[in-house]
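Thanks, everyone. I'll take this one quickly, from the overall picture down to single residues.

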Amino acid sequence: MGYGGFHTGQTRLVMHMAAILTILIFSGTALAAAKPGKAATVAIPTAPELYSGEPQPLNPSHCGTCHPTVYRTVKDNGARHRFACQKCHNVPESHNPATVSGKAPKPKCASCHDRPHGQKVIMCTECHSLPHTPQKLSKKAPITKFCFECHGSVRDKLATFVSKHTKIPCITCHTSHGFKPSCFTCHKPHQQGQSLSTCLACHPAHMPRQVQYGKDLPSEACGSCHAKTFATWNKGLSKHKKVSCATCHKDRHRMIPDCISCHGKPHTPTHHNRFPRCLTCHIDVHDIPVMPPKLNQKEKPL
Ligand code: HEC
Ligand code: HEC
Ligand code: HEC
Ligand code: HEC
Ligand code: HEC
Ligand code: HEC
Ligand code: HEC
Ligand code: HEC
Ligand code: HEC
Ligand code: HEC
Ligand code: HEC
Ligand code: HEC
């Protein structure tokens, strides 16, 4: 019985399948007849090469497809912050709908920086308010309060070498950060036509009374005050005319050179012992008489 039942059941199943197949075949034929050859409603060629690699981390330009303004900003003014955005941003959290729009966690400066300006300068964003443009200081940056924390050596110079500049507040001269004023804003040159660049050759800005200069300082710069000496030297015929003021009066104002430092002791020891002062005979260092009387060892000179 069971068998008969089975057979009957089997036959029925076969018939059902045949019927389904028939429907499928006919309907298939019908479909094929309606849209011959097309498997999709659009034409998109497969591009397996797009799947040849493993997924890579997004780079800044990828982020920039959706955040073009931030990308531009970092690109143009990010300075040394131009590294992968993800170093600062936790990307999954940034894109969690529950935390976006200002609530996404922001990186702390301290996670990468110590206190580069010393222990007292702490609130980084008071000055570097925009992490995408770290070099741009906030307009309200309270830097005047802190000049000394960062430029201690300048304060030391002003305090050690007291001058009238010591009492002038930093910002009277430095009207914005990094701006270096011209001496001519407040002073006239010693001589008409004297250029600004010469001022600093003699006066360090923060210790202007410590007049110091290099060997290459033009003698005219000394001549602006020592007109008489300059004229004597300039009109003279001696070989000292080839030696500039700054070569003899080396490094700092009012320094008096020793003849021996350049000439040694050219005459006999007895001679030098007897006449220790060279200018007794050579008279004027700025215009040495060209031919002093010939020295005769036996003669008493001059
Ligand atoms: C497919 C577009 C898309 C890409 C790619 C994308 N983002 Fe976003 N991102 C968004 C959207 C949309 C928001 C939410 C809206 C908003 O706040 O601007 C968002 C939000 C953010 C936020 C939070 C903003 C806030 O106000 O808190 C940060 C940070 C961020 N994205 C960084 C990145 C970084 C970094 C990358 C690259 C690694 C990146 N995104 C890639 C679309 C994108
Ligand atoms: C040095 C760390 C740092 C880097 C690098 C950085 N960000 Fe940011 N980003 C921040 C901080 C901090 C904030 C929050 C600023 C705020 O709250 O004013 C922020 C804010 C954002 C915001 C939301 C506010 C806005 O300005 O729209 C987006 C979006 C964003 N960053 C995307 C990026 C993308 C994209 C990159 C890379 C091209 C990037 N960031 C690189 C630190 C960084
Ligand atoms: C993911 C690490 C990271 C974070 C977070 C970070 N920085 Fe930086 N920052 C750096 C690195 C690295 C440099 C480059 C240092 C170098 O070259 O010596 C740098 C450089 C800078 C510079 C000098 C920029 C230049 O180009 O001259 C400033 C200013 C600065 N960071 C301020 C900040 C401030 C403010 C914050 C917090 C809002 C911050 N940074 C957060 C890593 C970071
Ligand atoms: C009172 C304002 C102020 C504060 C607060 C401040 N900075 Fe600065 N920072 C400056 C100034 C001004 C510069 C020099 C900018 C320039 O080159 O003109 C600077 C430069 C830097 C530089 C580049 C230095 C170099 O030698 O290249 C880094 C890095 C930096 N700051 C990080 C920080 C960090 C981190 C903090 C917080 C701990 C911080 N700053 C707090 C004003 C500030
Ligand atoms: C937070 C630290 C910081 C503060 C505060 C600060 N500076 Fe600076 N300053 C710097 C750094 C860093 C530089 C650039 C690096 C350098 O050249 O020493 C700089 C550069 C300068 C320069 C240009 C140096 C050059 O050789 O071109 C001047 C001028 C200057 N600062 C004056 C000031 C004055 C004036 C103040 C106070 C009103 C001040 N700074 C406050 C850190 C600071
Ligand atoms: C009388 C005007 C004047 C005053 C006051 C003054 N400075 Fe200057 N400072 C200058 C000039 C001019 C320069 C440019 C010097 C150069 O180019 O060698 C300069 C250069 C600097 C520099 C860069 C070169 C260096 O010597 O490090 C810093 C930093 C600086 N000043 C900080 C300060 C600070 C901080 C104060 C206050 C404590 C201050 N200055 C007061 C005129 C002044
Ligand atoms: C913002 C104005 C200002 C600037 C810029 C300035 N000075 Fe002065 N300087 C002064 C004032 C004010 C005095 C005091 C004048 C007085 O009392 O007669 C002074 C005094 C001096 C003195 C005499 C110092 C003393 O103690 O006797 C010298 C030298 C000097 N300045 C040189 C310079 C040089 C060089 C520069 C450029 C590097 C310069 N100054 C830039 C304002 C300025
Ligand atoms: C050759 C070096 C030299 C040069 C260059 C120079 N000075 Fe002087 N300056 C001096 C000497 C020296 C003094 C006087 C110091 C003394 O009395 O001991 C002086 C004094 C000053 C004084 C104090 C007031 C006065 O007139 O006695 C000011 C201000 C001054 N110079 C500004 C300037 C300026 C501005 C420049 C650039 C045009 C400049 N100096 C170029 C050497 C120089
Ligand atoms: C701004 C004017 C000025 C400039 C520029 C100047 N001097 Fe003087 N110099 C003086 C004054 C003022 C004295 C003091 C005169 C006195 O005491 O009779 C002096 C004195 C001297 C003395 C004498 C020191 C002594 O003990 O007798 C020498 C040397 C001297 N200057 C050399 C120079 C040289 C070299 C230069 C160029 C590098 C120079 N001076 C630039 C104003 C200047
Ligand atoms: C900075 C070095 C220097 C100093 C200091 C110096 N001289 Fe000279 N002197 C020279 C040079 C360079 C010549 C030229 C040598 C040559 O061309 O053979 C010279 C030449 C001379 C001559 C030869 C003069 C001529 O016109 O034929 C005499 C004399 C002389 N010096 C004496 C002195 C006396 C005296 C002193 C001190 C009061 C002195 N010198 C200081 C560098 C110096
Ligand atoms: C060869 C070296 C030498 C040269 C070059 C030289 N001097 Fe002298 N100068 C001296 C010596 C040495 C003295 C000291 C003379 C004395 O003891 O009587 C002196 C003294 C001075 C004095 C103070 C005494 C006086 O004569 O008023 C002044 C000012 C002076 N020199 C300025 C200048 C100037 C300005 C120049 C350039 C035009 C210059 N000197 C070039 C070596 C030199
Ligand atoms: C007693 C006088 C006298 C004294 C002091 C004296 N000289 Fe002379 N010096 C002379 C005479 C004279 C000549 C010329 C000799 C000649 O042409 O042979 C001369 C020549 C020189 C010459 C040029 C030498 C040459 O070969 O062209 C130099 C350099 C010189 N002296 C340097 C000095 C120095 C430096 C001192 C001090 C240490 C000094 N003199 C002291 C008298 C003196």
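One definition before we start. A residue is buried if 20 or more other C-beta atoms lie within 10 Å of its own, exposed if 12 or fewer, and partly exposed in between. By that count, 5% of the 302 residues of the chain are buried. Keep in mind that this is a predicted model.

Secondary structure next. The chain has 15 helices and 0 strands. As for contacts, take those between residues at least 6 apart in sequence: 49% of them join residues at least 24 apart.

Now confidence. Mean pLDDT for the chain is 84, and 81% of the residues reach 70 or more. Which elements mark the two ends of the range? Helix H1, residues 2-34, has the lowest mean pLDDT, at 41, while H3 has the highest, at 97. Residues 1-34 stay under 50 throughout, and the model gives them 0 contacts beyond four places in sequence. The stretch 296-302 is also below 50, but it has 6 contacts in the model beyond near neighbours in sequence. Where pLDDT is low, the predicted coordinates should not be read in detail.

On to the ligands. I'll show two of the sites.

Start with ligand 6. There are 16 residues around it, and the nearest are His151, Ile168, Cys170, Cys173 and Ala205. Helix H7, 152-160, and helix H8, 170-173, each give at least two residues to that shell. By class, the ligand 6 shell holds 9 nonpolar, 5 polar and 2 charged residues.

Now ligand 8. Again we have 16 residues around the ligand, with His187, Pro189, Cys199, Cys202 and Ala221 coming nearest. Helix H9, 196-202, and helix H10, 219-223, each supply at least two of the shell residues. Which element gives the largest share? That is H9, with 4 residues.

Ala221 takes us to the next topic. Besides being among the residues nearest ligand 8, Ala221 belongs to the largest nonpolar core. That core has 5 residues in all: Tyr213, Ala221, Cys222, Cys245 and Ala246. H10 and helix H12, 245-248, are the elements that give two or more residues to it. In general, nonpolar side chains tend to be buried together in soluble globular proteins. Look at Cys245 for a moment. Leaving aside neighbours within four places in sequence, Cys245 is in contact with Ser219 and Cys222.

Stay in this region for Lys250. Lys250 sits in the loop between H12 and helix H13, 259-263. Is Lys250 buried, exposed or in between? It has 14 other C-beta atoms within 10 Å, so it counts as partly exposed. Beyond four places in sequence, Lys250 touches Met255 and Pro257. Lys250 and Tyr213 are 37 residues apart along the chain, with 7.8 Å between their C-alpha atoms. Tyr213, remember, is one of the core residues.

Where is Cys88 in the chain? In the loop between helix H3, 68-77, and helix H4, 91-94. Cys88 is partly exposed because it has 16 C-beta neighbours inside 10 Å. Not counting residues up to four places away in sequence, Cys88 touches Pro107 and Pro131. Cys88 and Lys106 are 18 residues apart in sequence, and their C-alpha atoms are 7.6 Å apart.

That's my part. Over to you for questions.

Terms used. Residues numbered from 1 in each chain as written. Chains lettered and ligands numbered in written order. Predicted model: local features only at pLDDT ≥ 70, side-chain atom pairs only at ≥ 80, totals over all residues. Near = placed C-beta within 6 Å. Nonpolar A, V, L, I, M, F, W, Y, C, P; charged D, E, K, R; others polar. Core = buried A, V, L, I, M, F, W, Y, C linked by C-beta atoms within 7 Å. Contact = placed C-beta atoms within 7 Å. pLDDT = per-residue confidence, 0-100.
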